[in-house]
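I opened this model to look up its strands, its surface and its charged pairs. My entries follow in the order in which I checked things.

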Amino acid sequence: PPHRLDQVAKGRPACSANIHYDSEGRDFIEFVCSYPLTNASDEITHLLHVSKELPSFHESLLLPLQQQ
């Protein structure tokens, strides 16, 4: 799903998975979550943005084979 920062602005977290390509054309998946942070008055003051690079779909299929 798309990364919905409009939902974060409303106080809800948002997560997405995106396919990117490195300089050699290999794909990788970036998993991203954004979380609203609030003050004592429950006003959003900051966003926490967490990103994790995951293996490509092709590499994910090969991992179990390589572990045997």
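I began with Leu37, which lies in strand E2. Strands (E, at least two residues) and helices (H or I, at least four) are DSSP runs, numbered from the N terminus. Leu37 has a relative accessible area of 37%, so I put it down as partly exposed. Buried means under 20% relative accessible area, exposed over 50%, and partly exposed in between (1.4 Å probe, protein chains only).

Before going on I noted the ground rules. The model is predicted: local features need pLDDT of at least 70, side-chain atom pairs count only at pLDDT 80 or more, and totals for chains, interfaces and linings use all residues. Residues are numbered from 1 along each chain as its sequence is written, and side-chain values use heavy atoms, with hydrogens and water left out.

**Overall layout**

I counted two helices and three strands in the protein. Read from the N terminus, the order is α-β-β-β-α. Of the 68 residues, 16% count as buried.

**The sheet**

In what order do the strands lie in the sheet? I found an open sheet with the order E1-E2-E3 and antiparallel pairing. Strand E1 (14-21) and E3 are at the edges with a single partner strand each, so one side of each has no neighbour in the sheet. On average, neighbouring strands are turned by 25 degrees against each other, direction ignored. For such angles, axes are lines fitted to C-alpha atoms, for helices over the stretch in contact, and angles run from 0 to 180 degrees between N-to-C directions.

Two strands count as paired if DSSP finds at least two bridges between them. E1 and E2 pair over eight bridges, and Asn18 has Glu30 in E2 as its bridge partner. E2 (residues 27-38) and E3 (residues 44-54) pair over ten bridges. There, Tyr35 has Leu48 in E3 as its bridge partner. The hairpin of E2 and E3 has five residues between the strands, and Asp42 takes a positive phi near 65 degrees in it.

**The surface patch**

Which residues form the nonpolar patch? I listed Tyr35, Leu37, Leu48 and Val50, with about 310 Å² of accessible area together. E2 and E3 are the elements that give two or more residues to the patch. Patches take residues with over 30% relative accessible area and no salt bridge; like charges are joined within 9 Å, nonpolar side chains (Val, Leu, Ile, Met, Phe, Trp, Tyr) within 5 Å. Areas come from the Shrake-Rupley method with a 1.4 Å probe; for residues, only the protein chains shown count as cover.

I then looked at Thr45, which lies in strand E3. Thr45 touches Leu37, Thr38 and Asn39, leaving aside residues up to four places away in sequence. Contact here means heavy atoms within 4.5 Å. Thr45 is partly exposed, at 40% relative accessibility.

**Salt bridges**

How many salt bridges does the whole structure hold? My search gave three. A salt bridge is a side-chain nitrogen of Lys or Arg within 4 Å of a carboxyl oxygen of Asp or Glu. Asp6 and Arg4 form one, with the closest N and O atoms 2.7 Å apart. Asp22 forms another with Arg26, at 2.9 Å. Glu24 also meets Arg26, at 3.3 Å from N to O. Shared partners join Asp22, Glu24 and Arg26 into one network.
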